[in-house]
Amino acid sequence: MQIEMARNIIPLAAMEKLLKKAGADRVAEDAKSTLSEVLEEVGMKLGARAKELAEHSGRKTVRNVDIKLAQRDQPIMNNQ
């Protein structure tokens with residue numbers, strides 16, 4: 001399954017806030033852009049898997065349980 005990516009869904013200002021909350025004193029523009037791209041890619045993959053899980057359950061609506069189950073399939077998202 002190929003996922004088409006739209007760029008800058010997540011605002012760069014939000015990426016700066018995230019990085020500063022994580023402890024960064026200063027954040028370069030390219031760091032904000034890169035983090036945005038990475039999080040969007042992860043989000044698209046997570047969303048696609050959650051959609052599959054919802055459909056498997058006979059629903060068209062993606063629910064929080066679908067997101068949580070999809071998260072288990074993503075190694076980076078397993079808090080390990």
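The model is predicted. Its secondary structure consists of three helices and zero strands, so that, in the order counted from the N terminus by definition, the elements read α-α-α.

**Packing of helix 1 and helix 2**

- Two packed helices are described by the angle between their axes and by the distance between those axes.
- Helix 1, which covers residues 12-21, packs against helix 2, which covers residues 29-56, at an angle of about 100°, and their axes lie 9 Å apart.
- Because angles of 65 to 115 degrees count as roughly perpendicular, helix 1 and helix 2 are described as roughly perpendicular to each other.
- On the side of helix 1 the contact is made by Leu12, Met15, Glu16, Leu18 and Leu19, while helix 2 contributes Glu29, Ala31, Lys32, Ser33, Leu35, Ser36 and Leu39.

**Glycine 43**

- Glycine 43 is found in helix 2, and with a relative accessible area of 37% this glycine is partly exposed.
- Glycine 43 and glutamine 71 are 28 residues apart along the chain, and their C-alpha atoms are separated by 10.0 Å.

**The chain as a whole**

- The chain has 80 residues, of which 16% count as buried.
- Among contacts between residues at least 6 apart in sequence, 47% join residues at least 24 apart.

Methods
Residues numbered from 1 in each chain as written. Predicted model: local features only at pLDDT ≥ 70, side-chain atom pairs only at ≥ 80, totals over all residues. Heavy atoms only, no water. Axes fitted to C-alpha atoms, helices over the stretch in contact; angles between N-to-C directions. Helix = DSSP H or I, 4+ residues; strand = E, 2+ residues; numbered from the N terminus. Parallel < 35°, antiparallel > 145°, perpendicular 65-115°, else oblique. Contact = heavy atoms within 4.5 Å. Buried < 20%, exposed > 50% of the residue type's maximum accessible area, 1.4 Å probe, protein only.
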